[in-house]
Amino acid sequence: MAGPGSAAVSGAGTPVAGPAGRDLFAEGLLEFLRPAVQQLDSHVHAVRESQVELREQIDSLAAELCRINEDQKVALDLDPYVKKLLNARRRVVLVNNILQNAQERLRRLNHSVAKETARRRAMLDSGVYPPGSPSK
């Protein structure tokens, strides 16, 4: 971060001193990070969708194994396999819940960043600075 006596440089190469320079730097950093956050959000969403599909496939396979077990004349012990499938399903649901919570936190963070960026941009455009900050 810039120190009290340092200055940021605008896109045209002109130094910008003080709070405006810090705001410009913060806004540039946020704009730099925004695509990565959005890409991460879309990847988390895709993983969640694939996990829902996987959970449905596990449910279907477990039901099919139960049906096969009931239809067999010879007693096959498929219960351990059904239990393994149900355990895998439980883990998939757990990971999905973790991803869902992380995605929600990411969305809230992205919203907060956008809100703060808009507030700072409006402050810069209007030339109004919060109390206690140095003026232009």
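What percentage of the 136 residues of this chain count as buried? In this predicted model, the figure is 18%.

Let me begin with the overall layout. The chain contains 2 helices and 2 strands. Read from the N terminus, the order of these elements is β-β-α-α. The accessible surface amounts to about 9,900 Å², and carbon and sulfur atoms account for 60% of that area. As for contacts between residues at least 6 apart in sequence, 61% of them link residues at least 24 apart.

The largest nonpolar core has 8 residues: Ile58, Ala62, Leu65, Leu78, Val82, Leu85, Ala88 and Val92. At least two residues of this core come from each of helix H1, spanning 18-71, and helix H2, spanning 79-126. H2 provides the largest share, with 4 residues. In terms of domains, at least three core residues are drawn from domain 1 (21-75), and at least three from domain 2 (76-126).

Which residues does Ile58 contact, once its neighbours within four places in sequence are set aside? They are Leu85, Ala88, Arg89 and Val92.

Finally, the annotation. An unreviewed UniProt entry lists residues 85-119 as a "coiled-coil region". In the model, that span is 100% helix and 0% strand.

How values were computed: Residues numbered from 1 in each chain as written. Predicted model: local features only at pLDDT ≥ 70, side-chain atom pairs only at ≥ 80, totals over all residues. Heavy atoms only, no water. Core = buried A, V, L, I, M, F, W, Y, C linked by side-chain atoms within 4.5 Å. Buried < 20%, exposed > 50% of the residue type's maximum accessible area, 1.4 Å probe, protein only. Domains from an automatic or database assignment. Contact = heavy atoms within 4.5 Å. UniProt positions renumbered as here; feature names shortened; annotations may be inferred. Areas by Shrake-Rupley, 256 points an atom, 1.4 Å probe, with all protein chains shown as cover.
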